[in-house]
2 protein chains.
Amino acid sequence: MVSLDDVAKLAQVSPATVSRALSRPEMVAEATRERILQAARELGYQPNQLARSLRRRSSRTLGLIITDILNPFHATLAKGVQDAAEKHNYTVFLFNTDEDPEKEQRALNALRGHLPQGLLIVPTPKAKENLKLVPKLPTVELDRSSGTPGVRTVMVDNVGGARTAVQHLIELGHRRIGMIVGRLDISTAVERHLGYRETLATAGIPYSEKLVLPGNHREEDGRKAALALLTLPPEERPTALFVGNNEMTVGAVLAVRELGIRIPQELSIVGFDDSRWAATMHPALTVVAQPTYELGFLACETLLSSLSRGQPALPTSIRLDVSFIVRESTAPPDGFTNGLKQQRRKP
Amino acid sequence: MVSLDDVAKLAQVSPATVSRALSRPEMVAEATRERILQAARELGYQPNQLARSLRRRSSRTLGLIITDILNPFHATLAKGVQDAAEKHNYTVFLFNTDEDPEKEQRALNALRGHLPQGLLIVPTPKAKENLKLVPKLPTVELDRSSGTPGVRTVMVDNVGGARTAVQHLIELGHRRIGMIVGRLDISTAVERHLGYRETLATAGIPYSEKLVLPGNHREEDGRKAALALLTLPPEERPTALFVGNNEMTVGAVLAVRELGIRIPQELSIVGFDDSRWAATMHPALTVVAQPTYELGFLACETLLSSLSRGQPALPTSIRLDVSFIVRESTAPPDGFTNGLKQQRRKP
DNA sequence: GTGAAAGCGCTAACAA
DNA sequence: TTGTTAGCGCTTTCAC
């Protein structure tokens, strides 16, 4: 590996000058600087970030911890973070926790040793505890909040998104609206659930525990919950389903197909989080769409700008708006026609 | 940050002994070791990897460069790599090139400074050139090969997969089989194309350039290519389509829908690479499925095992088998009935 | 504007 | 078995 000393020798200056020429060019005479840069180019010199970081006590690296890289939502988040980091010349360490608090803990410990400048994390339910491992590390939580004091969050308007979705179903004439909610120790699930309850309450529809089933955010959980809800006796069976995340929505749709129930004629479905899958399935899914890429990008920008400003940023909480995309999976319930929406049919 | 010296003081030994107790425990007396470990635990000591790596000239980090994290295929690859790396206590730097050789170059340069022990890369077409930036770095290429000498590769049997797919279509009675091939400067595309040609030749079907359109691996390219192929005059129009990657398959299916062509009655489609989307779209897609996760995992294992063995591994090339999943998107061509396959219909 | 020298936190000879 | 010492490659005082 060619080192700074090699460059110094070739350029006939001291190592200190080379360092300056590279890091604070204005402190070096133009001629010398040119000579040094030329030498560096010639040798293909690349600073050893390990040495630099060790000395500077600051590393231009970030940690990114997500819970499920196979979920396109998280992959998109990662891309947003990655792009923002690269824009500012930061390098990112990637960790994937599979929603497992222990993996999160290990990730945090591994990360710690690399002295990253900041952390972007989609917290598991134990994050509040785990984050104590990195007490001084500037942190931004994405998508959900662990409730850790002093930590910034960038999230979407989950309550509003849920409200819009449920309101839409109510306006179509639905009264028995089921919800497949996520784990209630994760803030997104809590908030989406809250939006659901509030909207029902506003419309004067009583909340029924029977119609709300929790799931662990996985496809299979969505499937099971949907199966349970849709095999209730006809007079209790929901006529519409609001599903709390993308993976569970997939499961729910599969369950509906297994049961031979027609969407939207016999059941309306709204999912949370858009995806290609949602847009191209048949019938295309009505969803609450999140600005996922922006979420990641903005979270990273927020973190980096607070770093460059030096002072510890205020523990702000950013909320991004969601949008509601009406496609083909929602319609008035059976025997209820108000002409609001006609389902289309492919040729 | 608590350092090794702090632990040394608390345990009343020299820093060197602490270092040994942590890195080569067998070189330290049991009692001392216990005392040191206890002290380390007490202080929540975490070794500074920067200092350690600088000194050791070796870092327990890996670089992972993929071309499109938004593509589930690549996300799955990343998870495989990640899991294998974590298993061996390696940390990974993630880069995403968007198939852009310049981004690849920047990624490689950034990586270089962090002195990773190895590199896992899905190479862009310019990788052969770019990899010269890291001449000594043990490298494994995933999914495709850049043709760089001395670099190991882990790929799937693209030729075989393509053969199976095309053979399947031929057996169904198709004679005009179109292919949407990827960029021919990417090895996977070349190989899948080769399998296609060979199989046609074996079956005595003449190769027609008109039926083979290139695409840039993106959804939109698949859409355009399909549009072009399917608007050929009826007697030239392919009755079946073999699409070279997952993203382009999505585009092709969308194009088919736009044109109001029915799958599989009027057109059979086979895609390369399975996905949830392929399995749940209607009609479900017949595909060549790849062991994607295993590809990533194995590539990383291969790399790490060569690292631990010390000697520079032989530039081996590993091929994984693909499997062929027949679902609902393939059937005999119009007016050709051989009873091999009946299309199902959802209720 | 430039150089000499010290030191970031750790490990690896070498000595004891 | 343990301690002393030097130094990984870089940056940053402090002199000049």
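Reader: Which strands of chain A form the open sheet with six strands, and in what order do they come?

Author: The order in that open sheet of chain A is β7-β6-β8-β9-β10-β12, and the pairing is mixed. Two strands are said to pair if DSSP finds at least two bridges between them, while helices (H or I, at least four residues) and strands (E, at least two) are DSSP runs numbered from the N terminus. Before we go on, please keep in mind that this is a predicted model, in which local features need pLDDT of at least 70 and side-chain atom pairs count only at pLDDT 80 or more, whereas totals for chains, interfaces and linings use all residues. Residues are numbered from 1 along each chain as its sequence is written, chains are lettered from A and ligands numbered from 1 in the order in which they are written, and side-chain values use heavy atoms, with hydrogens and water left out.

Reader: Ok, and which strands are at the edges?

Author: β7 (212-214) and β12 (323-325) of chain A are the edge strands, and each of them pairs on one side only. Across the sheet, neighbouring strands are turned by 15° against each other on average, with direction ignored.

Reader: What does β7(A) pair with, and in which sense?

Author: β7(A) pairs with strand β6 (residues 177-181) of chain A in the parallel sense, over three bridges. Within that pairing, Ile180(A) stands opposite Leu213(A) in β7(A).

Reader: Which helices pack on this sheet?

Author: Helix α8 (residues 158-172) of chain A packs on it and touches β6, β8 (240-243), β9 (268-272), β10 (286-289) and β12 of chain A, with a direction that makes about 170° with that of β9(A). Helix α9 (residues 187-202) of chain A also packs on the sheet, touching β6, β7, β8 and β9 of chain A, and its direction makes about 165° with that of β6(A). Contact here means heavy atoms within 4.5 Å, and axes are lines fitted to C-alpha atoms, for helices over the stretch in contact, with angles from 0 to 180 degrees between N-to-C directions.

Reader: New topic: how many strands form the sheet that has β11(A) and β11(B) in it?

Author: That open sheet has 12 strands, in the order β11(A)-β5(A)-β4(A)-β3(A)-β1(A)-β2(A)-β2(B)-β1(B)-β3(B)-β4(B)-β5(B)-β11(B), with mixed pairing. Its edge strands are β11 (317-320) of chain A and β11 (317-320) of chain B, and neighbouring strands are turned by 20° against each other on average, again with direction ignored. As one pair to look at, strand β1 (residues 61-66) and strand β3 (residues 118-121) of chain A run in the parallel sense over four bridges, and Leu62(A) has Gly118(A) in β3(A) as its bridge partner.

Reader: Which residues come nearest to DNA strand C?

Author: Thr17(A), Thr32(A), Leu4(B), Tyr45(B) and Arg55(B) come nearest, out of the 26 residues around DNA strand C. A polar backbone atom of Leu4(B) is 2.3 Å from a phosphate oxygen of DNA strand C.

Reader: Last one: where is the cis peptide bond at Pro264(A)?

Author: It joins Ile263(A) and Pro264(A), with omega about 0°, and Pro264(A) has its place in the loop between α11 (246-259) and β9 of chain A. Most peptide bonds are trans.

Methods: Near = heavy atom within 4 Å. Polar contact = N/O pair within 3.5 Å; in protein donor to acceptor, adjacent residues only side chain to side chain.
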